[in-house]
Amino acid sequence: MSFLAPRFAPPERILMGPGPSDVPRRVLNALAAPTLGHLDPAYLAIMDEVRDFLRQVFKTKNELTMAVSGTGSAGMEATLVNLIEPGDEVIVCVNGVFGGRMKDTAERCGAKVHAVEAPWGEIIEPSAIAAALDQHKNVKLVGIVHAETSTGAHQPLEEISKLVHNAGALLLVDAVTSLGGVPLDLDALQIDACYSGTQKCLSCPPGLAPVSFSSAAVDRISARKTKVQSWYLDMSMLKSYWGQERVYHHTAPINMTYALREALAIVLEEGLENRWARHTKNHLALRAGLEALGLKYIPKHSLASLNAIHVPEGVDEAGVRKRLLTEFDIEIGAGLGPFKGKAWRIGLMGASSTKKHVLLVLAALESILGVSGGTTAATAVYA
Ligand SMILES: *Cc1c(COP(=O)(O)O)cnc(C)c1O
């Protein structure tokens, strides 16, 4: 043998950034199960199970629900490219990185995009959407981010859903950092298209994008006059692979589907309500701890899954993150866009939303910043 690869040994981290989150051993073990053919009846049965579990986690009866091959951004692209025809007018709400990405993607689909913007860290007010719908009568779709991971803002959707439907448009929601961690009910909110990712609150490695389309969205796709610009993400073809026909489209990422199956099973075994309550509890404990350390939250409406805080004046933002990683094996996220160098983003997603994670990151910050009182304040919340 002339080649001997160096030992393969990625370090074991504690993942508390904006994703990926810690992956339970049960999910990692699923990845190592024997690979099946993509049309093997045993694999098709697993796909059916994934669809069923996804419908339960999305809280929907939507027939067109599946996991698209690719990360959360592929889910974004899949919803937009199927629902938009060149020249369509759409509204996209932008108050952070992911709203911006949605706008860019919609433009690439040939849409005429009207952006409804809010400052980073703030939510989109329903009145701003009402005004935009009033001004643009031909809007066919309104896209909005439920959990803006770049700022930690938690977007309320009830009122916006009513406005959008009263105007005869479809509602598209980015639920990448909310699905499985933050209350979300597709059917109750009448969401027409929704996408998520596996590596945030579902605690599965990155690689698949759960998506779901309402019957109104399916009708819109069926009524298209032009072909979907993306062959890979064309729902009319993917539907035939995930549906009864089982027509080969592309080779599904078999072992990733196993992992998602297990990750969703864990969510359903815990129960969605219990899981949401756990995320809230750990967020409140972390928040009490961070505020006791003098750290301030950026958004007024904070997500339970993502805690975005201001870096105090005079503190080396990147230096602290580096010490968290090298001395404690803890990963947290940096600020993006206007918050570059000015914010930390601490994720409490899925398996990373535990009392252990909360106390660990607070103790590590106390040690690095030379302050105290964070773990005591957090512990009081659990009492
Ligand atoms: C992470 C994220 C995405 C993109 O997901 P990838 O898996 O990185 O492609 C999209 N939207 C939001 C809100 C996210 O947090």
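**A tour of charged side chains**

Begin by selecting Glu159, which lies in helix H6 (residues 158–166); helices are DSSP runs of H or I with at least four residues, numbered from the N terminus. The model is predicted: local features need pLDDT of at least 70 and side-chain atom pairs pLDDT 80 or more, while totals for chains, interfaces and linings use all residues. Residues are numbered from 1 along each chain as its sequence is written, and side-chain values use heavy atoms, without hydrogens and water.

Glu159 has a relative accessible area of 53% and is exposed (buried is under 20%, exposed over 50%, partly exposed in between; 1.4 Å probe, protein chains only).

Next, select Arg246 and Asp48, whose side chains form a salt bridge at 2.7 Å, N to O (a side-chain nitrogen of Lys or Arg within 4 Å of a carboxyl oxygen of Asp or Glu). This pair joins distant parts of the chain, 198 residues apart: Asp48 belongs to helix H2 (residues 41–58), and Arg246 to the loop between helix H8 (235–242) and helix H9 (254–270). Arg246 is buried at 17% relative accessibility, whereas Asp48 is partly exposed at 35%.

Move to helix H4, where Asp104 and Arg108 sit four residues apart, about one turn of the helix. Their closest N and O atoms are 2.8 Å apart in a salt bridge. Arg108 is exposed at 66%; Asp104 is partly exposed at 33%.

Finally, select Arg26, Glu49, Arg261, Glu262 and Glu269 together: salt bridges link them in a network. The salt-bridge count comes to 16.

Conventions: Helix = DSSP H or I, 4+ residues; strand = E, 2+ residues; numbered from the N terminus.
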